[in-house]
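I opened the model to record how the chain is built, beginning with the order of its elements. The entries below follow the sequence in which I looked things up.

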Amino acid sequence: MTTQITWTCAECKNPIRDHQGNVGADAHAAGDYLSAAAEAPSGGTAAALMAGPRPTRWEAYHHDCIEEDTRRYEVGVQNLRTYQQLAAATGHLMEKAWFAGTDWKRILLAKAGSMSTL
Ligand SMILES: [Zn+2]
């Protein structure tokens with residue numbers, strides 16, 4: 001049996017069915033974060049790093065629960081239902097120049113973590 005990955009809307013907290021929403025992140029903000037990180041002086045204190053800009057967050061939303069935003073890069077939840085799809089999407093996303101400025105790792109760990117309950 002193939003495990004189905006579930007996605008919960010960050011706005012209404014309900015599960016998102018296929019073609020009813022997506023997982024997205026602000027690609028421009030991610031690029032800005034990378035630029036800021038590159039310009040930051042090296043050897044900063046941990047406190048300074050903590051206070052600085054954070055990687056752009058990926059969130060899942062129903063189409064009806066979020067304003068359309070051309071800055072947002074989105075992947076339909078129907079394309080992120082299996083671990084194979086998640087791996088394929090990750091490979092595709094890694095080709096994006098801004099991707100390293102996002103917290104996709106949080107998504108991977110959260111979804112992979114659910115395997116341990118099987
Ligand atoms: Zn919603």
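**Entry 1. Overall layout.** I took helices (H or I, at least four residues) and strands (E, at least two) as DSSP runs, numbered from the N terminus. I note at the outset that this is a predicted model. On that basis I recorded 4 helices and 3 strands in the chain. Reading along the sequence, I found the pattern β-α-α-β-β-α-α. I then looked up burial and found that 20% of the 118 residues in the chain are buried. I also looked up how far apart in sequence the contacting residues are. Of the contacts with a separation of 6 or more, 80% are between residues 24 or more positions apart.

**Entry 2. The sheet.** I asked in what order the strands of the sheet lie. The 3 strands form an open sheet in the order β2-β1-β3, and the pairing is antiparallel. I noted that β2 and β3 (72–76) stand at the edges and have a single partner strand each, so one side of each lacks a neighbour in the sheet.

I next went through the two pairings of β1. β1 and β3 run antiparallel and are joined by 5 bridges. Within this pairing, Ala-25 stands opposite Tyr-73 in β3, and Gly-24 has Glu-74 as its bridge partner in β3. Between β1 and β2, also an antiparallel pair, I recorded 4 bridges. Here Val-23 stands opposite Ala-60 in β2. I then asked how many residues of β1 are buried. The strand is mostly covered, with 5 of its 6 residues buried.

**Entry 3. The first helix.** I turned to α1, which has 13 residues. From its first C-alpha to its last, α1 reaches 19 Å, close to the 18 Å expected at 1.5 Å a residue. I found that α1 lies across β1 and β3 and runs at about 30 degrees to β1.

Which residues of α1 are buried? I listed Ala-27, Ala-30 and Tyr-33. These residues are on the same side of α1, because they cover an arc of only 115 degrees around the axis. A general point applies: an α-helix has 3.6 residues a turn, so residues three or four places apart point the same way. On the other side of α1, I found Ala-36 and Glu-39 exposed. I also checked what covers the buried residues of α1, and the cover includes β1 and β3.

**Entry 4. The nonpolar core.** I looked up the largest nonpolar core and found that it has 18 residues. Trp-7, Val-23, Ala-60 and Val-77 have the most contacts inside this core. At least two core residues come from each of β1 (21–26), α1 (27–39), β2 (59–62) and α4 (104–113). The element that gives the most to this core is α1, with 3 residues.

With its neighbours within four places in sequence left aside, Val-77 is in contact with Trp-7, Ile-16, Asp-18, Gly-21, Asn-22, Val-23 and Ala-60.

**Entry 5. Backbone angles.** Most residues other than glycine have a negative phi. Lys-13, which is not a glycine, has a positive phi of about 70 degrees. I placed Lys-13 in the segment before β1. With 8 other C-beta atoms within 10 Å, Lys-13 is exposed. His-19 also has a positive phi, near 65 degrees. His-19, too, is found in the segment before β1. I recorded 11 other C-beta atoms within 10 Å of His-19, and this residue is exposed because the cut-off for exposure is 12 or fewer.

**Entry 6. A loop residue.** Finally, I located Thr-70 in the loop between β2 and β3. Is Thr-70 buried or exposed? I counted Thr-70 as exposed, since it has 7 C-beta neighbours inside 10 Å. I also looked up its separation from Asp-26, which lies 44 residues away along the chain. The C-alpha atoms of Thr-70 and Asp-26 are separated by 8.7 Å.

Methods
Residues are numbered from 1 along each chain as its sequence is written. This is a predicted model: local features need pLDDT of at least 70, side-chain atom pairs count only at pLDDT 80 or more; totals for chains, interfaces and linings use all residues. A nonpolar core is a set of buried Ala, Val, Leu, Ile, Met, Phe, Trp, Tyr and Cys residues joined through C-beta atoms within 7 Å. Two residues are in contact if their C-beta atoms, placed from the backbone, lie within 7 Å. Two strands pair if DSSP finds at least two bridges between them. Axes are lines fitted to C-alpha atoms, for helices over the stretch in contact, and angles run from 0 to 180 degrees between N-to-C directions. The expected span of a helix is 1.5 Å times one less than its number of residues. The arc is that of the directions from the helix axis to the C-beta atoms.
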